[in-house]
Amino acid sequence: MLAAPDVRFATAGDAVAIAELSRDAIEYGLPGAGRWRGCAARSHRPTPIIIVVDGAGAIDAFGIMAYTDDDAHLLLFAVRAAARRRGLGSAMLGWLETVARAAGASRIRVEARRDNAGARSFYSEHGYHELAILPRNYSGLVDGVRLEKWLRDAA
Ligand SMILES: CC(C)(COP(=O)(O)OP(=O)(O)OC[C@H]1O[C@@H](n2cnc3c(N)ncnc32)[C@H](O)[C@@H]1OP(=O)(O)O)[C@@H](O)C(=O)NCCC(=O)NCCS
């Protein structure tokens, strides 16, 4: 388990590293990998927050979360393969959840590939439940699953 990582806000200089990690960790096997998901996140309104954790010579992880009314949406989230299973994803998710609570969000939603057993287990471990299967959600080819976590009572 890692000590608490130094989470910082991304800058324009992180864009390529984020796109590359997104391509390798999330968009693998999809046509146009490295372009379409990043573009979707970048054009999201309202503008999301983007955080990164630095590694040796590159970023180890990033997360992109958007806030709409009283909901939060985790748009993209990944830890470099070599840095996984050391608590980094949990620490970053906890950071983003703290911000979402402070921003008044009732719940957080996130999507993952249906075949991504690791991510589904990770989110389940953190109290997210699976809400719906999203047929061909990724590039019209790969099914997704939507998960959500309530941060406070719906009422
Ligand atoms: C999912 C992901 C973010 C997890 O990051 P991480 O830093 O490895 O997560 P943690 O070390 O904090 O794991 C916390 C717990 O989640 C569960 N978990 C994490 N990865 C898992 C895996 N591959 N298989 C099963 N359970 C897993 C475990 O219970 C783990 O605790 P443990 O290591 O003590 O068993 C990372 O694997 C990743 O980036 N995957 C590719 C991109 C992705 O799937 N992004 C999310 C969907 S967009």
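Which residue in the turn of the hairpin formed by strand 3 and strand 4 has a positive phi? In this predicted model, the residue in question is Asp69, whose phi is about 50°, and the hairpin leaves two residues between its strands. Strand 3 and strand 4 run antiparallel and are joined by eight bridges, and within this pairing Ala66 has His73 of strand 4 as its bridge partner.

The hairpin of strand 2 and strand 3 has four residues between the strands, and here Gly57 takes a positive phi near 85°. Of the 10 residues of strand 3, nine are buried, so this strand is largely enclosed by the rest of the structure.

The seven strands form an open sheet of mixed pairing, in the order 1-2-3-4-5-7-6. Strand 1 (7-9) and strand 6 (129-138) stand at the edges of the sheet and have a single partner strand each, so one side of each is left without a neighbour in the sheet. On average, and with direction ignored, neighbouring strands of the sheet are turned by 25° against each other. At one end of the order, strand 6 and strand 7 (residues 142-150) run antiparallel and are joined by six bridges, and Leu134 is found opposite Gly144 of strand 7.

Helix 3 (residues 88-102) packs on this sheet, where it touches strand 1, strand 2 (49-54), strand 3 (59-68), strand 4 (71-79), strand 5 (107-113) and strand 7, and its direction makes about 25° with that of strand 3.

The largest nonpolar core has 25 residues, and those with the most contacts inside it are Met65, Leu74, Ala100, Ile108 and Tyr123. At least two residues of this core are supplied by each of strand 2, strand 3, strand 4, helix 3, strand 5, helix 4 (117-125) and strand 7, and helix 3 gives the most, with five residues. When residues up to four places away in sequence are not counted, Ile108 touches, among others, Met65, Leu74 and Ala100, as well as Lys149 and Leu151. A second, separate core of 12 residues includes Leu21, Ile26, Leu75 and Leu76.

Lys149, one of the residues touched by Ile108, is found in strand 7. With a relative accessible area of 14%, Lys149 falls under the 20% limit and is therefore buried. The side chain of Lys149 makes a polar contact with the side chain of Glu97 at 3.2 Å, while a polar atom of the Lys149 side chain lies 2.9 Å from the backbone oxygen of His126. Other residues that Lys149 touches include Ser106, Arg107, Gly127 and Tyr128.

Considered as a whole, the protein chain has 155 residues, of which 39% count as buried. Its accessible surface comes to about 8300 Å², and 52% of that surface belongs to carbon and sulfur atoms. Among contacts between residues at least 6 apart in sequence, 59% join residues at least 24 apart.

How values were computed
Residues are numbered from 1 along each chain as its sequence is written. This is a predicted model: local features need pLDDT of at least 70, side-chain atom pairs count only at pLDDT 80 or more; totals for chains, interfaces and linings use all residues. Side-chain values use heavy atoms; hydrogens and water are left out. Two strands pair if DSSP finds at least two bridges between them. Axes are lines fitted to C-alpha atoms, for helices over the stretch in contact, and angles run from 0 to 180 degrees between N-to-C directions. Contact means heavy atoms within 4.5 Å. Buried means under 20% relative accessible area, exposed over 50%, partly exposed in between (1.4 Å probe, protein chains only). A polar contact is a pair of N or O atoms within 3.5 Å; within protein, one must be able to donate a hydrogen and the other to accept it, and residues adjacent in sequence count only if both atoms are side-chain atoms. A nonpolar core is a set of buried Ala, Val, Leu, Ile, Met, Phe, Trp, Tyr and Cys residues joined through side-chain atoms within 4.5 Å. Accessible areas come from the Shrake-Rupley method with a 1.4 Å probe; for residues, only the protein chains shown count as cover.
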